[in-house]
Amino acid sequence: MLRYAIKRIGYAVVTLFIVVTVTFFLMRSIPGDPLSHMARALPEQTRANYYAKYGLDKPLFTQYLMYMKNLLRGDLGESVLYPGRSVSETIAKTSPISGLVGGIALAIGFVIGITLGIIAALNKNRWPDYLVMFVAILGTTIPVFVFASLLQYFVSVKLGWLPPSGWGQPRHLVLPIIVLSFGPVASFARYLKSSMLDTLSQDYILTAQAKGLSQRDVILRHALRNSMLPIVTILAGRIVGVFTGAFVVERMFGVPGIGFYYISSINNNDYTMILGTTVFYAALFVIAQLVVDFVYMLVDPRIRIVPESR
Amino acid sequence: MQEEISKELFQIIGPEDNEAEKIARPRVSYLRDAWRRFRQNKVATLALIILGILAFMVIFGPAISGYSFEEMDTTNRNAPPSREHWFGTDKLGRDLFARVWQGGRVSMIIGLVGAFVSSFVGCIYGGISGYFGGRVDDIMMRIVEVLISVPYLIVVILLSVVLKSKSLGTLLLAMTITGWCGIARIVRGQVLQVKSQEYVLAAQALGVKPWKIILRHVIPNVLSVVIVAITFDIPGYIFGEAFLSFLGLGIQPPNTSWGALAATAQSMYAFYPYQLFIPALMIALTMLCFTLLGDGLRDALDPRQRK
């Protein structure tokens, strides 16, 4: 168990290291340097000062070592486009907003998706099942921006119920959360239905029913608990999905989250910002996967036993 | 007194020895059988027909419209759908019917080529890994694990930033560079599974040559899984392209794609909703059909699903 945990953490660290290194050299391999478009008009001395400030006058490998050293201290450098704006601070300021929207969306998606999955499994091959599976297929095939545009058009423009975009009031949160939770609803419902059907055919469900437990108890205490295990494995993917979906959703609804800044830094060629945010995203996802792995190990005793019996 | 027994009495008149073994109906080949099962699936068949229509329109649509997709008509901007312009015109007065099908070409090409390239690479990688097993497998799968743990869209975005040029080729490269990992895993798993089957052991025991085992047992078993994986990958690539184009990182003007069309229309959806809805509908419909087709193919190609 402990060995497994150490191994997993080791892999995560190696993965992160590789990602940071590759991203760093990729960004530096772009023709021209990060300052070229603004440094052209500057006097020689000012330009040299700029280069010195960002460490661009040093050899590439020294720059890399410097970047890694600063990274370990949590310093991701300074925005090239807006001098004085630290990348770490921007991330610290914007990521909680994305986390809030994404977290609520994920929680809502989880609850609704699980409920729909149970309904579908209990009504196999009847209309509730078909309805849920139809919604689930729509949820996985309709791109987020299409769904977002449709909602904006019908709910905001046609009906005028909610503002199409903006930030600051709770009602601005409603549409982005609905859009972001659509994907999780679909995938949780699909996965839970199939794992629930699997569980319901097990002998221990028959035993539980034979003991005379109420249908509610059988479903909630025996079937649901065991059906949740496979759900844990898709959780990491869903967290990633919510954050990458936020690239588009935050832009369309004007949510000042990290996805919004990531896309605008890409469109503005703000290299340090792109690099820093990519590193942040990679770290976030690697950690999310790690946590999900450990949670899985905690909730499923079978996994814990297998490595030790070897 | 012995009775003379005529020889005719000893003739076999009953069923012949091999009668019971005779196959009554013509042998149904694997693909024919799969096709029959596929056609019984009405949803998947409908998806295939819709995809056929879409493919036809993507190929011949720009010609049918009678307009060039780049041709501007500044006197007729943002016109609603009419008899002259079936899908209306955009803000530069370009015919949207021509543009939608022209954009569909890009989306379809990216979907098909992307899925085929990545599954080709994935098959070779996964095949080698699964076939050799042991240490080779260990190292190769570690590499895949590292690649797969970086979010796909981040890789694509990063590469499209680094590669600067935003042509079709660069987009494809950016999307396939880690896109093959999923298929590699599937193929490896399948190869490992087939390798440990009893019928393979039996074949080995009977002295069947390795290449014949690969040809007869491994490839057919892997093929069905790969076909299904390709079908499910295509909507992924179409979505990836639309996503990038929507963020302004994909196909650049004057060329266009469904994602790019939706992105341009998105700023004015309140006034000209049809400009947004048509490309959005095309993306959703194509992705939906490929997903349903994949579902149908999976059920049809997997003999274990047979009732």
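1. Let's start with V117(B), which you'll find in helix α3 of chain B. Keep in mind that this is a predicted model. V117(B) counts as partly exposed because its relative accessibility is 39%, and partly exposed covers the range between under 20% (buried) and over 50% (exposed).

2. V117(B) is also one of the residues making a nonpolar surface patch of about 1000 Å². Where does the largest share of the patch come from? Look at helix α3 of chain B, residues 96-132: eleven of the patch residues come from that helix.

3. Now hop over to T23(A), in helix α1 of chain A, which runs over residues 2-28.

4. What does T23(A) have around it? A polar atom of its side chain sits 2.4 Å from the backbone oxygen of V19(A). Setting aside residues up to four places away in sequence, T23(A) touches L275(A) and T278(A), plus L158(B) from the other letter, chain B.

5. On to the inside. The largest nonpolar core has 129 residues, and F145(A), F247(A), Y262(A) and I157(B) touch the most other members. Helix α11 of chain B (residues 273-301) gives this core its largest share, 16 residues.

6. Take a closer look at F247(A). Beyond its neighbours within four places in sequence, F247(A) is in contact with residues of chain A, including Y262(A) and Y281(A), and of chain B, including I157(B) and F243(B). Apart from this core lies another one, of 14 residues, with A208(A) and I234(A) among them.

Terms used
Residues are numbered from 1 along each chain as its sequence is written. Chains are lettered from A and ligands numbered from 1 in the order in which they are written. This is a predicted model: local features need pLDDT of at least 70, side-chain atom pairs count only at pLDDT 80 or more; totals for chains, interfaces and linings use all residues. Side-chain values use heavy atoms; hydrogens and water are left out. Patches are made of residues with over 30% relative accessible area and no salt bridge: like charges are joined within 9 Å, nonpolar side chains (Val, Leu, Ile, Met, Phe, Trp, Tyr) within 5 Å. Accessible areas come from the Shrake-Rupley method with a 1.4 Å probe; for residues, only the protein chains shown count as cover. A salt bridge is a side-chain nitrogen of Lys or Arg within 4 Å of a carboxyl oxygen of Asp or Glu. Helices (H or I, at least four residues) and strands (E, at least two) are DSSP runs, numbered from the N terminus. Buried means under 20% relative accessible area, exposed over 50%, partly exposed in between (1.4 Å probe, protein chains only). A polar contact is a pair of N or O atoms within 3.5 Å; within protein, one must be able to donate a hydrogen and the other to accept it, and residues adjacent in sequence count only if both atoms are side-chain atoms. Contact means heavy atoms within 4.5 Å. A nonpolar core is a set of buried Ala, Val, Leu, Ile, Met, Phe, Trp, Tyr and Cys residues joined through side-chain atoms within 4.5 Å.
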